[in-house]
There are 4 protein chains.
Amino acid sequence: MNVDVGEGLGVWTVGNDLPFLAIATSVNIACGFHAGDPQIMDKTVAAAMDAGVAIGAHPGFRDLHGFGRREMTTDPAEVEAEVLYQVGALAAFARAHGSRLTHVKPHGALYNQAARDPVLARALASAVRRAGEELVLVGLASSLAMRRAAEAEGLRFAAEAFADRAYEADGSLRSRRSPGAVLSDPETAARQAVRLARDGRVASWEGSEISLSADTLCVHGDNPDGLAIARAVRLALEAEGITVSAFSR
Amino acid sequence: MNVDVGEGLGVWTVGNDLPFLAIATSVNIACGFHAGDPQIMDKTVAAAMDAGVAIGAHPGFRDLHGFGRREMTTDPAEVEAEVLYQVGALAAFARAHGSRLTHVKPHGALYNQAARDPVLARALASAVRRAGEELVLVGLASSLAMRRAAEAEGLRFAAEAFADRAYEADGSLRSRRSPGAVLSDPETAARQAVRLARDGRVASWEGSEISLSADTLCVHGDNPDGLAIARAVRLALEAEGITVSAFSR
Amino acid sequence: MNVDVGEGLGVWTVGNDLPFLAIATSVNIACGFHAGDPQIMDKTVAAAMDAGVAIGAHPGFRDLHGFGRREMTTDPAEVEAEVLYQVGALAAFARAHGSRLTHVKPHGALYNQAARDPVLARALASAVRRAGEELVLVGLASSLAMRRAAEAEGLRFAAEAFADRAYEADGSLRSRRSPGAVLSDPETAARQAVRLARDGRVASWEGSEISLSADTLCVHGDNPDGLAIARAVRLALEAEGITVSAFSR
Amino acid sequence: MNVDVGEGLGVWTVGNDLPFLAIATSVNIACGFHAGDPQIMDKTVAAAMDAGVAIGAHPGFRDLHGFGRREMTTDPAEVEAEVLYQVGALAAFARAHGSRLTHVKPHGALYNQAARDPVLARALASAVRRAGEELVLVGLASSLAMRRAAEAEGLRFAAEAFADRAYEADGSLRSRRSPGAVLSDPETAARQAVRLARDGRVASWEGSEISLSADTLCVHGDNPDGLAIARAVRLALEAEGITVSAFSR
């Protein structure tokens, strides 16, 4: 179970990350391009270490005003450099606290575009490999582009599914601009989580059943119902006897 | 001999760094806060390695519009985090190219404020120590604050003098806002460099002679006459039999 | 009574401005440099017009990460241009909604530095005059620099006092970095407001009584107790028979 | 004849705009989002007035690092607000110098996306209309989306053609990422300008002849050969007896 954390900026904070650190096993820390700032990163790494969760980088496009959710045309070489920059910055905080990064999960539009675009996925994977060959690359479970890019760079790939997001029939995430994209009912999210973890299957938005083999489950901290969802998901998984563990190097 | 490089931004470039890499022995690479961007950092690290010079980080205040030259009130904890962030980002590029950083030299207003302010100097030195205990901290030769902060954090300190900047009688740099702050004549700069390196002395702006023990000499790439000055300084030092070498870890 | 509003950024919002629009008579809208973004400005102007309050610009230093609270060395010509830019941008939204700006109140460090520095105050007043000669310049009541700068540029000056901030004996605001700088008890703030409005006097932090002639009273929207304070202040003023009115051109 | 000017940022300047002001009849001034800053805007407006050219706004996406050339997914309401913000800011400088804006020409990716996307074009035209009904909206000559959006908002539309850019067979501009996108030979550009202005026709990149009715011709200041091209274009037009005039309100 992973959760995105540290997504405030300066005086602007977004809820309280700490309760999530007690529920998730791995966290993805914003690196300053779509959210987060150096001081938040420093404190969030310290809090994650106290909580004993695996620490990963959550790099995004340079887009504070759009929270990294604006898709954009990219120069792959530029994206590669921007991701390496962000992961390197967070890695310095992890090392300074006596820890190491275990994984990298792209954020928002970078996540979604790389899931579709093999060239962008490769640039992303190259940046992660350059930051550390032992890092796990986390990406959309249904994305062949991401899986192949990780393989081509010799990285382990963690297929990610979402407990609290609706799926389209092709295994892609329903866009946040569409109604019903985000699940707000903890029980619904928990059921989706169990189906994903136990059966490798999920119901799509229109009702068809899709096969989705996932290594990690995301819950969202920026969802108003996020904490209740995270708790319900964790309890439901444990009730099914499913072991939840952290990423490791 | 060190020089600041990589100080462009996106489409905005500032001259050509390459010739300086053949003259200086160490370079300080901008880290994206006052100038520089990830792609420029990536390319500049590669070019520095090709040239065989020592690679250092050149972190600054978050101030692209003011090129990091605006002095500002600071929260030391925030500056510490911002410096660690920048040094960590550049270190990732160095490692990705198979190299390591040797030193950190603060930029502009951060350099000048830390030279005067022991609390800020300590925050800066703490960030550098957290980024790597073997890193050399470069600071104004006359600054007790910087020297003591480096010592307190167990870092080696490299006292820096300037071949192409005028000095005040107290050993501080004459402000860029004052006339005569920047020397533009290569021969004058070369003479100042030799006096500094050979005698540990320099003439101040009003003419008094000051003692200044320096470990490294800076020449400026953003000075229109920078390249001619850098060449003249290097030749003059060699003509005096002074060995110019790079920072090492 | 005036209140600072529209101080969110992209996904980051800060409470709810709407209740304040029903209590204050004039609002100061952030212009994108320390907080605010074009869409927030557009919506906040519309909401202010619906509420029938006077609309003013709240320009700040270019400092999103520090919320415009970092004091910095400034080039007066640059500050003048930056203030004119921000006021012009907000004025366009006001005109587009069929309204006009009535006043300009600088934010944070710009407010405090200009209160002390006649050169900066003059640059600020010049920007306001260039944006519109009929605009009221709002500044710290005890600041001679601001009052004289407004006069020199032919602008009306509105001396501002604070219901919810502690004062030093010289009439300056107690720094937010010092304990007790912000009053959180609505009754205390309301008493301070009445003393200011009725008697032109206020008790300083150490207890001395200071004379402070004020034209407008500020309450803060970013104070967690802000709404209760604003209500208490308004009620207390009305209970004293003091008429609260908006700025006008 | 129009030219984009004021596209530096802080210490980073881009050549010298002044010679272009003596050749073009209308200028489009960057507004701080893709390039430009308030001080540059202030000085550029003053220089444009001295030169007697028509002053227009050149708003772009918020993208300094990509110079506004990154296409991105947009929220039309956000783009509308961002354009109104930028135009309003520049209008304040124009009024402060005793002048008024005559036109608005979007920059880079905003220009190209709006040329293809009727919804974005309408958001852009709405922003311009809200900034001033008498403003001319400048857009790609072949874009029906832009022409119709201008009409729907009651704005005059100026169809723009390019002397120094290659065209695709559909009348769109050849992408800057493709070879041959930018013409560097002054004589070639001058011939293209004359064909456009006199005959309303231009040869496409593959050689087909396309019909293109244009009201204004753009030359580029950021093209290394820009000045020679601008001079050649102006001389060639005058040699053909074609009158070159400025936008007017």
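**A histidine and an interface**

Me: Is His220(A) buried or exposed?
Reply: The cut-offs are under 20% relative accessible area for buried, over 50% for exposed and partly exposed in between, with a 1.4 Å probe and protein chains only. Since its relative accessibility is 7%, His220(A) counts as buried. This is a predicted model: local features need pLDDT of at least 70, side-chain atom pairs count only at pLDDT 80 or more, and totals for chains, interfaces and linings use all residues. Residues are numbered from 1 along each chain as its sequence is written, chains are lettered from A and ligands numbered from 1 in the order written, and side-chain values use heavy atoms, leaving out hydrogens and water.

Me: Which side chain does His220(A) join in a polar contact?
Reply: Look in the loop between β9 (216–219) and α8 (226–239) of chain A, where His220(A) is found. A polar contact (N or O atoms within 3.5 Å, one able to donate a hydrogen and the other to accept it) of 2.9 Å joins the side chain of His220(A) to that of Asp164(A).

Me: How much area do chain B and chain A bury between them?
Reply: The contact (heavy atoms within 4.5 Å) takes 23 residues from chain B and 23 residues from chain A. Carbon and sulfur atoms hold 59% of the buried area. Counted as accessible area lost with a 1.4 Å probe, summed over both parts, the total is about 1900 Å².

Me: Which residue of chain A forms a salt bridge with Asp42(B)?
Reply: Across this interface there are two salt bridges (a Lys or Arg side-chain nitrogen within 4 Å of an Asp or Glu carboxyl oxygen). In one of them, the closest N and O atoms are 2.8 Å apart, and the partner of Asp42(B) is Arg130(A).

Technical notes:
Helix = DSSP H or I, 4+ residues; strand = E, 2+ residues; numbered from the N terminus. Buried area = accessible area lost by both parts, 1.4 Å probe.
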